[in-house]
Amino acid sequence: MKKRLTALLLLIILTITVAGCENVEYITKSEAGEEESKNIYEQLDEDLPDLTPGEDGEVIEQSFVIATNKASVFYNEEGAASSISRAVEDRTVFLKDKYGANVTVKEVSSKDLTNELKTAIESGIPYCDMICVSAKDTVKLYTAGLLGDMNKLPSFDIESAYFDPNNAKALATNSTLYMLADPTAQVYEETYVMFFNRDLVNTAAGKDPESLVMQGKWTWDAFNETARAAAPKVYNKSASDILVDTFGYASYYSEGTFPLVMWNSCGLHLVDNTYKNPVSLSMTVDEITSYASKLKSSYNSRGRFPLEGADAAKAFEEGRLAFFCNKLDYFYALRDGTTLGSNYGMLPMPKYDENQKDYHCMVGSDARVFSIPKSVENADESRKMFVSAVIQATCASGRTTIKKAFLNHHIATYLNNNAETVMLQTILDSVYFDFATVYGSNISAIRRATTTAVSDYIEFGSGLSNSIASAKPNFEKYCSDNFS
């Protein structure tokens, strides 16, 4: 059964060869999208486990309450007609048909959610069945003792084919699972990517980074070479004019963030393989230094525009940056808000080198993850079985339908050609949550020994060995006390 589901869920909608752009089979928008969606749910109905029916043999209807910071992730807003909203609606119908789940959505702020969950524990009256808010806010809920362990749900196995193989285990804490990373939560817009100016890169530098991506040759060395060729003057000047000169690159989120985006683009994780394993540093200081030193030279170049935020975005939109790292949702501003939108393209983050198998685009800690409140962990067995089944069905369906809907929406609304479609598909396939980045967002004992140490080294040249050595005891104690 799992083999059938795995085959079904592997949505192959393009083929990329390494021979070059002319040998790429580009994706085309499916004319049978609704029929495909129907077939997916028919197969899921067969493969997903059934719950015990009522006395009349019918599915027992139950409320399934989701607390989230964005209702449209689970609720089709009136008047919404995009492929994404239709996929959400189809999933809601399926959950009711399969498990009798009447999905109710509570849109709530992080502060109000914390108060509501505390009140629920004190009163014994459940507030919700599932939570879907930002990863950093979920970490706050975890440290406040407000979350339940999803591994205690019956028949819940994140190694099954129902869950995303790249992300499901990324935030596990040894034998416990307090947050589930899954693209079904619509995380794509929080993914860090590289934008580029076609006039500067393709024309002035004579490079086509989209072709390099397709050939698996889009690396940090290729990035540096192309940026230098696109903005040669600043690389050869001791001092540059930030108001006039053309620069190689910039990042909207620079200090403390872009170094981590670079690090994660190389498939390097300071804390890894944490599912049913002790949480510990997965790389030695020498290994970290070896990789980080190369990234440090890329980061600290004369071609980097020294400002971030709106200043960096303004320079990019004025045509004075060859490359610009930002979250994927910046693409909307380029295509809707500028007269030169088609001159700006997007790329996955570069690889460390050509030996790296896949591209990796880090998902920021503002992206949503799934969790359950403490009340679910303490519920009766039948209720826990119901919650477990609905969460599994939500992720199993979303792995294909939400991802494809996101791509089709952009094909219809924003993308101009096949190459751009290939770039977006590559980005969607490369999204990755990083344990240290997520937990470090609100736990200093983890942050100081991992992300802060690496980002400070890449950014400022701080002593990496000393930084990790001084922070490691607190890191190990926290992990021992909380993740054993």
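## Aromatic pairs

Let's start with the rings: this predicted model holds 32 aromatic pairs. One of them joins tyrosine 291 and tyrosine 352 in an edge-to-face arrangement, with 4.9 Å from centre to centre and 65° between the planes. Follow the chain and you will find these partners 61 residues apart, so the pair links distant parts of it: tyrosine 291 belongs to helix α11 (residues 285-299), while tyrosine 352 is in the loop between β8 (344-347) and β9 (361-362). Tyrosine 291 is partly exposed, at 29% relative accessibility. Tyrosine 352, with a relative accessible area of 14%, is buried because the cut-off for that word is under 20%.

## A cluster, and charges over rings

Rings can also gather in a group. Phe195, Phe316, Phe324, Tyr330, Phe331, Tyr332, Tyr344 and Tyr414 form one aromatic cluster.

Some rings have a charged neighbour instead. The charged end of lysine 296 sits over the ring of tyrosine 457, 5.9 Å from the ring's centre. Lysine 351 lies over the face of tyrosine 359, and here the distance to the ring centre is 4.6 Å.

## Salt bridges

Side chains of opposite charge can pair when their charged atoms come close. How many salt bridges are there in this structure? The count comes to 22.

Take aspartate 45 and lysine 98, whose side chains meet in a salt bridge at 3.5 Å, N to O. Aspartate 45 is in helix α2 (residues 33-47) and lysine 98 in helix α3 (residues 83-99), 53 residues apart. Aspartate 45 is partly exposed at 40% relative accessibility, whereas lysine 98 is buried at 7%.

Aspartate 129 is buried, with a relative accessible area of 7%.

Glutamate 318 and arginine 320 form a salt bridge of 3.3 Å, N to O. Glutamate 318 is partly exposed at 42% relative accessibility, but arginine 320 is buried at 11%. Elsewhere, salt bridges that share partners join Lys136, Glu190, Lys327 and Asp366 into one network.

How values were computed
Residues numbered from 1 in each chain as written. Predicted model: local features only at pLDDT ≥ 70, side-chain atom pairs only at ≥ 80, totals over all residues. Heavy atoms only, no water. Phe/Tyr/Trp six-rings, centres within 6.5 Å; stacked < 30°, edge-to-face > 60°. Helix = DSSP H or I, 4+ residues; strand = E, 2+ residues; numbered from the N terminus. Buried < 20%, exposed > 50% of the residue type's maximum accessible area, 1.4 Å probe, protein only. Lys NZ or Arg CZ within 6 Å of the ring centre and 35° of its normal. Salt bridge = Lys/Arg side-chain N within 4 Å of Asp/Glu carboxyl O.
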